[in-house]
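Please look over the sequence and the model first; the notes follow.

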Amino acid sequence: MCKGLSSLPSSCLEKAKEMRVKLSHLADTHHKQKLQDAKILQDLETLLSNKSGLQAFRGFLRSEFSEENLEFWLACEDFRISPSNRQKTKASSIYSQFINPDAPLEVNLDAETRDALLEVMESPCADTFKNAQQRIYSLMAKDSFPRFLRSHYCMEAIRAF
């Protein structure tokens with residue numbers, strides 16, 4: 001017949017209590033990490049600052065043949081932090097790759113924004129693409145990101161976290 005916990009040596013009871021505390025702490029830590037990972041998917045800015053989230057979003061956009069917006073946004077981020085002696089070359093590359101009407105990855109910008117960019121291409125600065133980048137970011141936030149949240153790419157990203 002079982003005599004209960006009172007029949008166990010006190011050292012075993014102490015070890016069991018220690019293990020329970022450690023397991024509880026481990027469960028809490030895991031739960032907090034899951035909540036933090038889920039926050040990555042709450043807004044586009046947080047998603048883009050997370051390597052795994054960015055990778056999932058890129059995969060989704062690639063599946064929709066619309067990854068040019070993300071690639072442009074990333075190129076602008078890289079340009080913004082580039083040393084000034086590299087800005088003219090990078091600006092020219094961004095313009096020919098994304099802005100020019102014949103660009104291989106042309107992004108959807110209004111004529112006014114395109115014209116403003118063309119005017120400053122000879123002497124670019126860190127903020128040269130700021131307006132265009134914000135327009136593309138808004139487009140992704142209002143259009144692509146909500147669709148991403150409903151996609152299987154998002155579900156897979158959540159499972160991976």
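**Helix packing**

Helix 3 and helix 4 lie oblique to each other. The model is a predicted one.

Helix 3 and helix 4
- The angle between helix 3 (residues 51–63) and helix 4 is about 140°, and their axes are 9 Å apart.
- That angle counts as oblique because roughly antiparallel begins over 145 degrees.
- On the helix 3 side, Leu54, Phe57, Arg58 and Leu61 take part in the contact, and they meet Leu70, Glu71 and Leu74 of helix 4.
- Sorted by class, this contact has five nonpolar and two charged residues, with no polar ones.

The largest pocket
- The volume of the largest pocket is about 240 Å³.
- Its lining has 14 residues, of which Trp73, Glu77, Arg80, Gln133 and Gln134 are the closest to the centre of the pocket.
- At least two lining residues come from each of helix 2 (44–48), helix 4 (68–80) and helix 7 (130–149).
- Helix 4 gives the largest share of the lining, with five residues.
- By class, the lining consists of seven nonpolar, five charged and two polar residues.

Salt bridges
- The model has nine salt bridges.
- Arg80 and Glu77 are three residues apart in helix 4, so about one helical turn separates them.
- Both Glu77 and Arg80 are also among the lining residues closest to the centre of the largest pocket.

Methods
Residues are numbered from 1 along each chain as its sequence is written. This is a predicted model: local features need pLDDT of at least 70, side-chain atom pairs count only at pLDDT 80 or more; totals for chains, interfaces and linings use all residues. Side-chain values use heavy atoms; hydrogens and water are left out. On a 1 Å grid over the protein atoms alone, a cavity is a set of points where a 1.4 Å probe fits but cannot get out, and a pocket is an open set with protein on both sides within 12 Å along at least five of seven lines; lining residues have an atom within 4 Å of a point. Grid points are joined across faces, edges and corners, and a volume is the space filled by probe spheres set on the points. Helices (H or I, at least four residues) and strands (E, at least two) are DSSP runs, numbered from the N terminus. Ala, Val, Leu, Ile, Met, Phe, Trp, Tyr, Cys and Pro count as nonpolar, Asp, Glu, Lys and Arg as charged, and the others, Gly among them, as polar. Axes are lines fitted to C-alpha atoms, for helices over the stretch in contact, and angles run from 0 to 180 degrees between N-to-C directions. Angles under 35 degrees count as roughly parallel, over 145 as roughly antiparallel, 65 to 115 as roughly perpendicular and the rest as oblique. Contact means heavy atoms within 4.5 Å. A salt bridge is a side-chain nitrogen of Lys or Arg within 4 Å of a carboxyl oxygen of Asp or Glu.
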